[in-house]
Amino acid sequence: MPEPVIRTRGLTRDFPSVRAVDDLSVEVPAGTVFGFLGPNGSGKTTTIRMLLGLIEPTGGRATVFGFDTRRESDQIRCRSGALLEHPGLYDRLSAEENLEFYARVWRLEAAERERRIPELLAHFGLWERRRELPADWSRGMKQKLAVARALLHRPALLFLDEPTAGLDPVAAAALREELADLAAREGVTVFLTTHNLAEAEKLCGQVAVIRAGKLLAVGHPDELRASGAPRVEIAGRGFSQDVLASLRARPEVAGAEVANGRLVIELEGEASTAPLISLLVHAGVEIEDVRRGKATLEEVFLTLMEEEQCSPTSGP
Amino acid sequence: MLTDLWTVTVKGWKDLFLYRGGIISTLVVLAAFGVVQPALGGPEFTRGPFLPLLLIWLPLFLAATMTADSFAGERERHTLETLLASRLSDRAILLGKLAAVVSYGWGVALASLSLGLITASLAHGHGRPLLPPANTLAVIVTMSLLTSLLAAGAGTLVSLRSPTVRQAQQILSTSLVVLIFGGTLIGRALPAAWKLRFVTALSGPQLVRTELALGAALLAADVVLLAACLATFHRARLILD
């Protein structure tokens with residue numbers, strides 16, 4: 001079995017007033033898009049910084065490409081590209097000069113620089129504005145240039161901290177497509193953090209959910225969705241409180257509520273829906289559509305957050 | 001290593017000159033010390049102690065001001081972390097930034113010297129070039145490099161631990177004020193015999209020995225500061241938030 005690109009074992013980072021990352025153990029296989037999901041302040045950026053050797057862990061260890069993040073972080077950085085919390089663009093240099101500087105940092109040959117920089121600027125729709133200072137640009141345009149800079153030297157591993165933040169839907173979709181393509185075609189491993197759960201569901205081969213520095217769940221988005229309760233969504237009219245109470249009284253029903261005009265019933269295990277439909281029809285409900293499915297990743301995420309908040313071991 | 005160092009140095013120069021404030025302040029310095037002062041100073045400008053004293057102190061101020069921006073500025077503008085996440089080694093980043101500041105301070109001092117000599121010759125030379133003695137020229141060239149290094153080293157140490165440029169500049173300007181006023185106060189408090197000995201050391205046959213001793217002391221201070229910078233510069237300690 002191939003060695004995972006990233007492996008952490010009990011990775012921990014303390015700051016004076018808070019434990020930012022708490023006993024984190026994950027493995028990221030090569031060539032996957034790995035989504036690191038969590039609310040603000042959950043330790044995502046701190047984890048990326050530790051993996052790049054920009055801060056040291058206070059406990060545990062991590063390896064990237066088999067290199068220890070404490071002792072061999074220069075080897076890790078040589079093989080990685082990063083878009084961190086801020087775009088990190090030089091406001092006194094033009095867009096083209098920003099890429100030119102980092103192309104020299106990454107030791108791209110002159111011919112390669114002359115080919116690669118225009119290629120990336122054109123790809124991200126920035127060619128016409130290449131001589132402008134990014135200081136005056138929108139957040140989305142800065143983000144595009146920062147992503148182009150991260151891809152400049154064709155790294156084997158990409159760390160992307162909220163890459164689609166500030167991008168318009170078309171640009172965000174194009175970037176997702178680009179990342180999926182990089183992983184599938186060139187075997188690039190992508191470690192990305194995002195708040196956008198729909199994005200993670202579409203893009204990521206594996207996701208990890210983190211809260212207050214603790215890992216809550218890890219796996220393929222489908223596996224995580226399967227861990228949620230099966231559900232039935234019913235479109236129609238006549239979902240009265242009496243109907244909801246009748247449903248909630250049944251043993252195969254874990255929960256029932258009306259959301260956006262649709263009745264959502266969460267089932268216990270793989271219970272049949274036929275008796276429930278029959279109950280609704282007898283109660284006078286007019287049914288137009290019935291769909292049985294799994295929870296979305298967003299629902300699983302919110303459930304995990306709630307469970308962790310209710311857990312006796314979680315903080316205030 | 002040398003290629004990386006050069007890349008960082010060139011980027012440092014662009015940072016210094018690619019904004020209006022940097023160009024204007026450099027032009028003001030060149031105009032003041034390369035044109036106005038020599039024009040007003042008369043023929044004595046090239047012969048008296050003013051020229052070497054001015055051009056040895058000048059880089060201290062220039063390099064100290066510019067070096068505050070080197071790390072604290074990148075930190076404030078959120079570009080430092082991206083630079084640290086690149087393949088550049090700690091030494092290439094540190095020495096490249098130091099080289100940019102030192103070459104700026106030294107370069108402006110030498111440009112002021114050249115411009116000042118041209119201005120003095122045109123204004124007071126009556127068709128002949130006015131040049132200081134060769135040993136004075138050697139002292140200016142060497143000592144201005146050493147003071148540039150001194151300011152860049154001290155400034156880098158402050159800039160590495162300062163979250164903002166303003167904080168770094170405040171610490172550096174306060175240190176310079178303490179250095180100047182402290183030196184003046186100590187000078188005034190010295191007994192008359194010591195003062196006489198000091199004046200004797202700065203004139204006549206003892207001058208060369210004093211210059212060599214001062215140069216050696218500055219060089220030692222530069223080496224200590226550079227060693228301190230190399231020991232302090234550790235990227236895992238540079239992200240302060």
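Predicted model: local features only at pLDDT ≥ 70, side-chain atom pairs only at ≥ 80, totals over all residues.
**Overall dimensions**

Chain A contains 11 helices and 15 strands. Along the principal axes, its C-alpha atoms occupy a box of roughly 75 × 45 × 40 Å. Of its 316 residues, 41% count as buried. When contacts in chain A between residues at least 6 apart in sequence are considered, 69% of them join residues at least 24 apart.

**The six-stranded sheet**

Six strands of chain A form an open sheet in the order β7-β8-β9-β4-β10-β11, with mixed pairing. The edges are taken by β7 and β11 (214-219) of chain A; each has a single partner strand, so one side of each is left without a neighbour in the sheet. From one strand to the next, the twist averages 15°.

| Strand pair | Bridges | Direction | Bridged residues |
|---|---|---|---|
| β4(A) and β9(A) | Five | parallel | Gly35(A) and Leu192(A) |
| β4(A) and β10(A) | Four | parallel | Phe36(A) and Ala208(A) |
| β8(A) and β9(A) | Five | parallel | Asp161(A) and Thr193(A) |

Strand β4 of chain A spans residues 33-37, and five of the five are buried, so the strand is largely enclosed by the rest of the structure. In a regular strand, side chains alternate between the two faces of the sheet. For β4(A), Val33(A), Gly35(A) and Leu37(A) lie on one side and Phe34(A) and Phe36(A) on the other, and all of these are buried, which leaves both faces covered.

**Helices against the sheet**

Helix α1 of chain A, residues 44-51, lies across β4, β8, β9 and β10 of chain A and runs at about 150° to β8(A). Seven of the eight residues of α1(A) are buried, so that the helix counts as mostly covered by the cut-off of 20 or more other C-beta atoms within 10 Å. The buried set consists of Lys44(A), Thr46(A), Thr47(A), Ile48(A), Arg49(A), Met50(A) and Leu51(A). Gly53(A) follows the helix and has a positive phi, near 75°.

Helix α5 of chain A, residues 139-151, lies across β7 and β8 of chain A, running at about 170° to β7(A). The helix has 13 residues and reaches 18 Å from its first C-alpha to its last, close to the 18 Å expected at 1.5 Å a residue. It too is mostly covered, with 11 of its 13 residues buried. Among the buried residues of α5(A) are Lys142(A), Lys144(A) and Arg149(A), as well as Leu145(A), Val147(A) and Ala148(A). The cover over the buried residues of α5(A) includes strands β7 (80-83) and β8 (157-161) and helices α3, α4 (110-123) and α6 (169-186), all of chain A.

**Nonpolar cores**

The largest nonpolar core has 133 residues; those touching the most other members are Ala148(A), Val190(A), Phe191(A) and Ala63(B). Helix α5 of chain B, residues 90-124, contributes the largest share of this core, 15 residues. A second, separate core has nine residues, including Ile234(A), Leu247(A), Ile265(A) and Leu280(A).

Neighbours within four places in sequence aside, Val190(A) is in contact with Val33(A), Phe34(A), Leu158(A), Leu160(A), Leu179(A), Leu182(A) and Ala183(A).

**Contact between the chains**

In the contact between the chains, 21 residues of chain A meet 20 residues of chain B. On the chain A side, the elements that give two or more residues are α2 (73-78) and α3 (95-105). By class, this side has 11 nonpolar, three polar and seven charged residues.

**His220(A)**

His220(A) sits in the loop between β11 and α8 (221-227) of chain A. It has 13 C-beta neighbours inside 10 Å and therefore counts as partly exposed. Apart from neighbours within four places in sequence, His220(A) is in contact with Gly205(A) and Gln206(A). From C-alpha to C-alpha, His220(A) and Asp168(A) are 27 Å apart in space, and they are 52 residues apart in sequence.

How values were computed. Residues numbered from 1 in each chain as written. Chains lettered and ligands numbered in written order. Buried ≥ 20, exposed ≤ 12 C-beta atoms within 10 Å, placed from the backbone. Pairing = 2+ DSSP bridges. Core = buried A, V, L, I, M, F, W, Y, C linked by C-beta atoms within 7 Å. Contact = placed C-beta atoms within 7 Å. Nonpolar A, V, L, I, M, F, W, Y, C, P; charged D, E, K, R; others polar. Expected span 1.5 Å × (residues − 1). Axes fitted to C-alpha atoms, helices over the stretch in contact; angles between N-to-C directions.
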